Number of protein chains: 2
Amino acid sequence: MTASATLAELLADLARILPKERFLTEAAQLAPYESDALTAFRARPCAVVLPQTSEEVVEIVRTCARHKVPFTARGSGTSLSGGSLPVEGGVVIGLNRLNRLLRLDPNERIAVVQPGHINLRVSDAAAPYGLYYAPDPSSQPVSTIGGNLAFNSGGAHCLKYGMTSNHVLGAKVVLPTGEVVELGGESLEGLGPDWLGLFVGSEGLMGIALEVTLRLLPKPEKYHTLLAAYDALEKAGDAVAAVVASGLLPGAMEIMDNLAIEAAEAAVHAGYPTAARALLIVELEGEAPQVEAEAEQLSRVIERSGPYEVRVARDAEERMKIWKGRKAAFSAVGRLSPDYIVQDGVVPRSKLGRALAEIERLSQEHGLRVANVFHAGDGNLHPLILYDGKVPGELERGERLAGEILRMCVRLGGTITGEHGVGMEKKEYMPEMFAEADLEAMRRIRRAVDPLELSNRGKMFPGGEAPAVTAHGAHPLEQAGVISRE
Amino acid sequence: MTASATLAELLADLARILPKERFLTEAAQLAPYESDALTAFRARPCAVVLPQTSEEVVEIVRTCARHKVPFTARGSGTSLSGGSLPVEGGVVIGLNRLNRLLRLDPNERIAVVQPGHINLRVSDAAAPYGLYYAPDPSSQPVSTIGGNLAFNSGGAHCLKYGMTSNHVLGAKVVLPTGEVVELGGESLEGLGPDWLGLFVGSEGLMGIALEVTLRLLPKPEKYHTLLAAYDALEKAGDAVAAVVASGLLPGAMEIMDNLAIEAAEAAVHAGYPTAARALLIVELEGEAPQVEAEAEQLSRVIERSGPYEVRVARDAEERMKIWKGRKAAFSAVGRLSPDYIVQDGVVPRSKLGRALAEIERLSQEHGLRVANVFHAGDGNLHPLILYDGKVPGELERGERLAGEILRMCVRLGGTITGEHGVGMEKKEYMPEMFAEADLEAMRRIRRAVDPLELSNRGKMFPGGEAPAVTAHGAHPLEQAGVISRE
């Protein structure tokens, strides 16, 4: 049987599951699904399907498995590592219509949602009960819980509360073979190995979540948000080390350097001291008496760290303004440069100062500006590499610089990604972190779950198992003779 | 080649790795390794090996893999689920000699230890830096970190701090195939799926840890330990619900019923009010001002719950006395009854009252006394079923009662084990919790790591993959003609 015959049969089978308006095969329909937030990559699927029920998702996966055609689940497409990039010629399963809150139990403090449910909507629904969902990626107003699970999303407040994996209690999952399994439960005390943990962070390689049980936390009674301005980046880094050494565990500790401040200020007028070489945001949260006691201690620690200005948010509005600047910093950098690469790496907290000095050196060496915005409390760096794609060679230089920064993270004992994932972008860096035996063990486990490597094929693992990243070629349906273009 | 020839070759190969004094094959030498803390089971290994280095462990595993002979890693043998029971005729790898602290970094707050390192020794070593290792199973003065990892051990304080899995950052592991891999790292922000989480809690089925990187926490500045006595068990249960609803997150919340109080009191003279139908221990911990503020709130909540007596530990000595009674309760029950079964199950916190009433009903129905000691904060029940093994039929009745309690836990939405593991004891209950598709997916992943099911074969998964639990038969070395007894 020829490839085109297989493809035609797959499409015919999918058409039996889904009505026409939720089964997209025309070029114009497919275009929005050809890339995600990591715009450097692009690949064209053979079809996009938009299921409305779990049963449809299961049927679609089984159909793909039967025809041995790879598929990629997609939420809002906010992946910064190309994680929701289609497999060239594969099927994209868009999950935005599976967006219901299925259950909210304030006594057990759990919410059960479908994978297309938006992160921030969980907290909205929990708010009347004084509860919220802790993981807060910057994308939280748009990104979905399914995507958050796949990439084990973090956020500014994961310093205190941990990543998505610390807040997912259970999931009903369709494995790449089409089997449906229940992982975890409603309790944090699982049984045996953490099967759920194998799914969370698996970047779509272990199947698709159909229902997710999330842990809700009581909303902090009080916040104390402090902004300290420094005349040197090192001082801000040292202040973070001093806060940690003092025994305080803030909800968040964020640093922005001069370039990031400038960008954020231009974009959202947060009122940041724009002359600062570095800003440190520290937020305490919890019961009021505890926060008040900690706030005093924090003041003393920060004072000793030599800031030239310290501000404390007096009310919720001032707090939101401080955070608005921080959360806008990524996209705001677009105002300083036509193009930029968002990098994501981790170094041990004690090596922050050295890492920043190294980034500065690499920035000069490659002749490209780098803005730094990062979760300082857990050593998660987010260097933003500024370049102009229209200048020949600048993109390549930017990518080389990004690679050097990642290698430095590994050298200092850190990792190549803190929260954006490996996806398409970083898979070739995996051997920098893992020995071949480690990677082979991982691959073997992956194949135990997905023998044909159908689910989001080509992501995370280095090497040739994947259809390579592509420039636009002929549409696979054209190649297969199923459609022809005017 | 006959089985005996294979066995003789295996033993000859092992003898090349280890000197005679660390390679045990005589019946008298093997006897102490034939069971663990779950004394109802017993199985005889063909040999016990006592490696002193990681390299020896790797060589032993490779030798077993080459000869296709199953093996079981063993620490202090404190498993309450038969998890460290040998595979009949297999090799026991005793890890107590790999007990070194390899590194302690107070800045990064990590400790790197060998698998045979004793849990409590980690905190001892960290104490001079104001740090400690949080997971506190009752066995912590004797149990090893390797065993804690295998069974994802909890403890009274896991309510606030989580189980072992929340405190392990990385592990160097020899897989059952003999490959050596590194899982996790020194950061809580892992990359991709939680491979380490697949190892933690795997009950020895995924290989053997060679080095473990643990997270250390700052020692709480202050404890506030409260003991409340009630005239009814339900009141204590309701008090727990009220504390949770108030937004407080105590370090521990423990309940003991009348029978458990009586036993503990007889054993350690903790000064408990022995007339109480139930005792509730609540412990707050953290920075002093926070604990003081929370203590006031706690007093109000507890007062409203209707205790007839409330005591607060005035100093460290009084605190230790309260905990001594609680931690001794298990073994103290031996004073009330010649034999007892320690059960371990979980129910949703909100269903504690119903579960306790149900246990009471089942206790009467089966004509056996049940003492209840449990981690109330997280719904982890520890009913102790009292029986007399010399009375015909009592053990069987006790086992039936234990089974009914587990089924009730599952029915109420809980699990068949909170922290003791499935091991040998509960594997036949797995189908009560998991659908066949779930179990098959787990088995597939296990086989990806251990294709021959050599590592701790026969544990956790139900059914025929295992040599069954045995009464004593002929020693396998006799069967193989390798040794003969007088």
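**Entry 1: the two chains together**

I started with the contact between the chains and found that 58 residues of chain B touch 57 residues of chain A. I kept in mind that this is a predicted model. I then looked up the buried area: chain A and chain B bury about 4600 Å² between them. Of that area, 57% is on carbon and sulfur atoms.

**Entry 2: charges and polar pairs**

How many salt bridges cross the interface of chain B and chain A? I noted two. In one salt bridge, the side chain of Arg444(B) meets that of Glu179(A), at 3.1 Å from N to O. I also looked up polar contacts and got ten residue pairs between chain B and chain A, with both residues at pLDDT 80 or more.

**Entry 3: the side of chain B that touches chain A**

I listed the elements that each supply at least two residues to this side; among them are strand E9 (180-184), helix H8 (233-245) and helix H10 (288-304) of chain B. Which element gives the largest share? I found that H15(B) does, with eight residues. I sorted the residues on this side by kind: 30 are nonpolar, 16 polar and twelve charged.

**Entry 4: a sheet in chain A**

Next I turned to chain A, where four strands form an open sheet in the order E1-E2-E4-E3, with mixed pairing. Strand E1 (23-24) and strand E3 (71-74) are the edges, each pairing on one side only. I checked E2 (47-49) against E4 (91-94): they run parallel, joined by three bridges. Ala47(A) stands opposite Val91(A) of E4(A).

Last, I looked at helix H3 (54-67) of chain A. Helix H3 lies across E2, E3 and E4 of chain A, at about 170° to E4(A).

Definitions and conventions:
Residues numbered from 1 in each chain as written. Chains lettered and ligands numbered in written order. Predicted model: local features only at pLDDT ≥ 70, side-chain atom pairs only at ≥ 80, totals over all residues. Heavy atoms only, no water. Pairing = 2+ DSSP bridges. Contact = heavy atoms within 4.5 Å. Axes fitted to C-alpha atoms, helices over the stretch in contact; angles between N-to-C directions. Buried area = accessible area lost by both parts, 1.4 Å probe. Salt bridge = Lys/Arg side-chain N within 4 Å of Asp/Glu carboxyl O. Polar contact = N/O pair within 3.5 Å; in protein donor to acceptor, adjacent residues only side chain to side chain. Nonpolar A, V, L, I, M, F, W, Y, C, P; charged D, E, K, R; others polar.
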